[in-house]
Amino acid sequence: MSTLSTTPASLAHTASVRSHSLWALAWRRLRADRVAMLSLAVVVAFLIMLLLSATGVIAKHWNDDVGVNYAPPTLIGPDTEDDVAASQAAAAKDTTPIDYYGVTDPLAADMTAIHTELAKSSVEKTRVRQTTLPFGADKWGRDIIQKTIKGSETSITVGLVAALLSVILGTLLGAVSGYFGGWIDDALNWFYSIFTSIPYLLLILAVAAVLQQKGILSIVLILSLTGWTGTYRLIRAEYMKHKAREYVLAADAIGASHMRKMFVHIFPNVSHVALVQMSLMVVNFIKSEVILSFLGFGVPIGVVSWGSMLNEAKNELILGHWWQMMAASVAMAVLVTAFSLFTDALRDALDPKLKS
Amino acid sequence: MTVYILRRLWQMIPTMLGVIILIFFLFNWVGGDPAYILAGKISSPEIIANIRRQLGTDQPYYVQLWIFIKQVITFNFGVSWSTGESVAQVILTRIGPSLTILIPLTILQTLISVALALVVAVKRGTLTDRVVMIACTVGMSISILVYIILFQYWFAYKWSIFPVQGWGDNLGINLFHYSLLPILIMLVVSIAPCLRLYRTFILDEIHQDYVRTARAKGVGEQRILWVHVLRNAAIPIITDVMSNLPTLLVSAFLIENFFGIPGIGREVILAVERSDFPVIKAVTVYVAFATMIFNLLTDLLYSAVDPRVQLK
């Protein structure tokens, strides 16, 4: 089935008589491309990191305050004596008794109860907080490296899941529209023109305004419900082209049902379009998630993503604490560059006609 | 021509109606009852009922939809829920600052990317070409947020070349003082994707027969590139520039937010933060309308650029 797109010539010069599938041929082309393999290695490394972090093997304790506030990276060394003295003085100031002007503090009893309770339970308080960390610490003394790993987990997961959902939605609608044509096609096209006439970011913001609850699920839904249009258009065109091909007519002749023709016969032949769209989408969605979280419409408080890290880092930069900004930007830039280069190579490998 | 324009305008009506229904569905059905948002924390059933009557949300859905359609047509969306300013007034006053940034930006961006794309396309396959393409890919993968934060920090805060943020009353000061850094950042961000795209458009043309013919009859390389090739590559370039215009109006929101420019984008962000539904609804509907009008203008421009294009 899927060998249809390989020409006899390309098969002839392979030694074996066995026909190679589209995917095997694409993989061979991809392997010959050094840039593609390098970027694939980077993407796979990020995915392994994501899995390890999601299963709690690494970065499990990212939320612990292992360093002092804004501990600088080890290479730079700890803050100078003056800074330390200043922060100690500031800390000492907090403990000076407050003048209540003769009024008894109504919360005094409660507060002492809370304090004794805290003193009993907080074993962690005794731990010495480091003055430097390998890549510095944030406002609460959390290790930036672990925080970045956790942030990558959130951002990449949102990108992948939203891309998968939007490609599934776009493919389903595109398949139905291109395969059946007629009034179904008209109706879905009308739908498509509505979604494309509203700029993507505006639609995302409008949906974010309406969905009041923040959370990973709502951001995935926002992105996938607004991002299906590109896939829809391409898949629809492919189905319109394929529906008149001989193999579909043959499937029709042996009595295959519509569903079977659409998804068992035609889909394997257009699935490369969906795959390329999906990897394009992952990059776009990661970028959108970062912007949404930065604005505060994305991940909830307590969840860290590249966007929320950049949001904190914006203010830290003025204080001279550049490490969190650097970590989040570099992690994102490396992944997105690798993913984009890989997507380009994937497109060339799956559709050699384009390259000529 | 007139017949063509009229027919295209007529065809916009169903799409526009669809946009209105989508927005209506989002804000009136998914969004829940706005009376609770408006009434605030301390409310009574009478207040809620009163607000519902004022907004018309106690009416059946088809009546509410009709109210919304009337609002769109008469450009009367009532007042903003958070500031009490009339929504029409909000939109009209925010468009000026947005355009002050966007018009120079679009012109510069198009000129620079087209020029660079022509240069790079000629050097196709050489080291220069590969270096520029890789630089574009890397440049595109850095978040726009990082560009804004770093540029604002270094150019405005550290080196004081540009103002950190602000906006004035007169066009001269806005354009030549406050807009410079925002435009510079947007240029840095937008040239990389444009350059990549325009390069492929030009590469499609550069091996055509007419280029060979022009060379054969002794036309200079520069003239071939800037007159013959460019004119033919213009159609996809125009499509790209025109279709990006309405999107830019909104996607400039980050820049407007960081630099305190009172434009449409910043207004949308503020409205989302304050759950100011009338403003978001109005902006969305009119930006969608602008997108359709710009699509029509693009098609009209085609026939001006390429006499072979027949508008039917």
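**Exercise 1. Helix 9 and helix 11 of chain B**

Task: Find which residues of helix 9 of chain B meet which residues of helix 11 of chain B in this predicted model, then describe the packing.

Solution. 
1. From helix 9 of chain B come B:L197, B:Y198, B:F201, B:I202, B:E205 and B:I206. Their partners in helix 11 of chain B are B:V229, B:N232, B:A233, B:P236, B:I237 and B:D240.
2. Sorted by class, the residues of this contact are nine nonpolar, one polar and two charged.
3. Two packed helices are described by the angle between their axes and the distance between the axes.
4. For helix 9 (residues 180–206) of chain B and helix 11 of chain B, the axes cross at roughly 145 degrees and come within 9 Å.
5. The crossing of helix 9 of chain B and helix 11 of chain B is right-handed.

**Exercise 2. Helix 11 and helix 14 of chain B**

Task: Decide whether helix 11 of chain B runs roughly parallel or roughly antiparallel to helix 14 of chain B, and describe their contact.

Solution. 
1. The angle between helix 11 of chain B and helix 14 of chain B is about 160 degrees, and their axes are 9 Å apart.
2. Angles over 145 degrees count as roughly antiparallel. Helix 11 of chain B is therefore roughly antiparallel to helix 14 of chain B.
3. The crossing of helix 11 of chain B and helix 14 of chain B is right-handed.
4. On the side of helix 11 of chain B, the contact residues include B:A234, B:I238, B:M242, B:L245 and B:L249. On the side of helix 14 of chain B, they include B:V287, B:F294, B:L297, B:L301 and B:V305.
5. By class, the contact of helix 11 of chain B with helix 14 of chain B holds 15 nonpolar, four polar and no charged residues.

**Exercise 3. Where chain B touches chain A**

Task: State how many residues each chain gives to the contact, and which helix of chain B gives the most.

Solution. 
1. Chain B supplies 34 residues and chain A supplies 31 residues.
2. On the side of chain B that touches chain A, two or more residues come from each of helix 1 (2–30), helix 6 (127–141), helix 7 (144–158), helix 11 (221–251), helix 13 (264–273) and helix 14 (277–305) of chain B.
3. Of these, helix 1 of chain B gives the most, with eight residues.
4. The side of chain B that touches chain A has 23 nonpolar, eleven polar and no charged residues.

**Exercise 4. The place of B:L55**

Task: Classify B:L55 as buried or exposed, and locate it.

Solution. 
1. B:L55 lies in helix 3 (residues 45–55) of chain B.
2. A residue is buried if 20 or more other C-beta atoms lie within 10 Å of its own. B:L55 has 20 within 10 Å, so B:L55 is buried.
3. Leaving out residues up to four places away in sequence, B:L55 touches B:P34 and B:A35.
4. From B:L55 to B:W167 there are 112 residues in sequence and 35 Å in space, C-alpha to C-alpha.

Notes
Residues are numbered from 1 along each chain as its sequence is written. Chains are lettered from A and ligands numbered from 1 in the order in which they are written. This is a predicted model: local features need pLDDT of at least 70, side-chain atom pairs count only at pLDDT 80 or more; totals for chains, interfaces and linings use all residues. Two residues are in contact if their C-beta atoms, placed from the backbone, lie within 7 Å. Helices (H or I, at least four residues) and strands (E, at least two) are DSSP runs, numbered from the N terminus. Ala, Val, Leu, Ile, Met, Phe, Trp, Tyr, Cys and Pro count as nonpolar, Asp, Glu, Lys and Arg as charged, and the others, Gly among them, as polar. Axes are lines fitted to C-alpha atoms, for helices over the stretch in contact, and angles run from 0 to 180 degrees between N-to-C directions. Angles under 35 degrees count as roughly parallel, over 145 as roughly antiparallel, 65 to 115 as roughly perpendicular and the rest as oblique. A crossing is left-handed if the near helix is turned anticlockwise from the far one by less than a right angle, and right-handed if clockwise. A residue is buried if 20 or more other C-beta atoms lie within 10 Å of its own, exposed if 12 or fewer, and partly exposed in between; C-beta atoms are placed from the backbone.
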